[in-house]
Amino acid sequence: MYSESILYHYTDFQALDGILRCAQLRVNNVLRMNDSAEMRHFMKRLASAIVERLEGEGRRGQARAVQQLFELELKKEYSAFAACFSFQRDDAAQWERYGNRGRGICIAFQREYLQKIAKGALSLQTVFYQDDMAGHPMVETFCELAGQDGSLSAGNPAVRKAMRDAWACSVSFKHPSFSSEYETRLVVSPFEKEEFGVKACYHVTQERIKKYYPLDLAAMCQEIGVGIEDLVAELIIGPESAQSLAILQDYLEDNGLHALVDRVSLSDCPLRRLSN
């Protein structure tokens with residue numbers, strides 16, 4: 001089911017508790033998500049489009065310079081931080097990939113309010129799914145820079161700015177194989193940390209240390225004149241979840257989220273995992 005006014009966040013019950021009881025939404029490292037090559041996918045396809053354009057214009061030396069510039073850039077690791085949402089309600093693929101394999105929960109957010117809290121270093125971005133970057137504005141930017149003698153030096157401020165802009169754009173592009181997700185992201189771009197007044201936090205597991213930024217939903221909602229109960233439109237318990245609907249409703253009641261009690265439902269998705 002598709003609704004332009006609602007964005008669905010598939011997650012687990014620990015994250016639900018953080019969002020509802022603690023009024024905190026985490027934005028996590030995009031490069032640590034299931035489609036970890038996505039930012040590099042955009043940069044590689046952008047480089048190919050620029051090189052193809054320059055070679056088509058007979059500017060082979062400049063095309064080689066662009067290719068070398070992007071090869072050096074792709075050896076670096078940049079990361080953006082995002083919280084991911086889908087336009088798809090109660091969707092099998094979303095449950096499997098992001099909803100703890102159907103054992104989690106889906107939180108429906110009012111898109112209008114997410115859009116209002118997304119300002120400053122935060123932005124709400126629709127994800128595009130494509131391989132061909134020939135029509136992207138960054139192609140023209142780099143072709144113009146390539147036409148200036150010596151301008152493609154990695155130390156050139158104009159080139160550095162163009163690269164920063166390209167990396168920022170990369171957060172909104174994914175491989176076409178993910179197109180069924182109909183995704184939107186609440187993004188902190190990798191080059192605006194100095195403008196982002198949220199301190200980074202770290203989650204330590206046995207295997208690694210994860211970095212994230214905790215967004216203060218209570219303060220953000222207060223700033224736009226709404227509450228958490230206004231922001232959350234619906235809660236859907238996953239098709240494979242053992243969670244009792246009644247206990248979840250008690251949890252909401254006891255945490256003062258009275259308006260959400262009647263917005264809880266069980267998934268209708270026929271996702272059933274085969275036993276081993």
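A: Let us begin with a single residue, keeping in mind that this is a predicted model. Y10 has a relative accessible area of 5%, and since buried means under 20%, Y10 counts as buried.

Q: How should I read a pair of aromatic rings, and what kind of aromatic pair do Y10 and W95 form?

A: In general, a pair of aromatic rings is described by how far apart the centres are and by the angle of the planes. In this structure the count comes to six aromatic pairs. One of them joins Y10 and W95, with 4.9 Å centre to centre and 90 degrees between the planes, which makes the pair edge-to-face. Because Y10 lies in strand β1 and W95 in helix α4, the pair ties together parts that are 85 residues apart in sequence. W95, with 0% relative accessibility, is also classed as buried. Elsewhere, ring pairs link F42, F128 and F173 into a cluster.

Q: How do I read a salt bridge, and how many salt bridges does a search of the whole structure find?

A: The general idea is that side chains of opposite charge can pair when their charged atoms come close. A search of the whole structure finds eleven salt bridges. Among them is the one between K161 and D165, whose closest N and O atoms are 2.9 Å apart. These two residues are four apart in helix α7, residues 157-170, so about one helical turn separates K161 from D165. K161 is partly exposed at 44% relative accessible area, and D165 is partly exposed at 31%.

Q: Which residues are linked with R59 in a network of salt bridges?

A: The network links R53, E57, R59 and E140. Within it, R59 forms a salt bridge with E57, the closest N and O atoms being 2.8 Å apart. R59 is partly exposed, with a relative accessible area of 22%, and E57 is partly exposed as well, with 40%.

Q: How is a pocket found, and how much space lies in the largest pocket?

A: As a general idea, rolling a probe the size of a water molecule over the atoms shows where empty space is left. Here the largest pocket holds about 1300 Å³ of space. It is lined by 35 residues, of which T11, D12, A15, N28 and K210 are the closest to its centre. Elements that give two or more residues to this lining include β1 (6-11), α1 (13-20) and α4 (92-98). By class, the lining has 14 nonpolar, twelve polar and nine charged residues.

Conventions. Residues numbered from 1 in each chain as written. Predicted model: local features only at pLDDT ≥ 70, side-chain atom pairs only at ≥ 80, totals over all residues. Heavy atoms only, no water. Salt bridge = Lys/Arg side-chain N within 4 Å of Asp/Glu carboxyl O. Buried < 20%, exposed > 50% of the residue type's maximum accessible area, 1.4 Å probe, protein only. 1 Å grid on protein atoms, 1.4 Å probe; cavity = no way out; pocket = protein on both sides within 12 Å on 5 of 7 lines; lining within 4 Å. Points joined across faces, edges and corners; volume = space filled by probe spheres on them. Nonpolar A, V, L, I, M, F, W, Y, C, P; charged D, E, K, R; others polar. Phe/Tyr/Trp six-rings, centres within 6.5 Å; stacked < 30°, edge-to-face > 60°.
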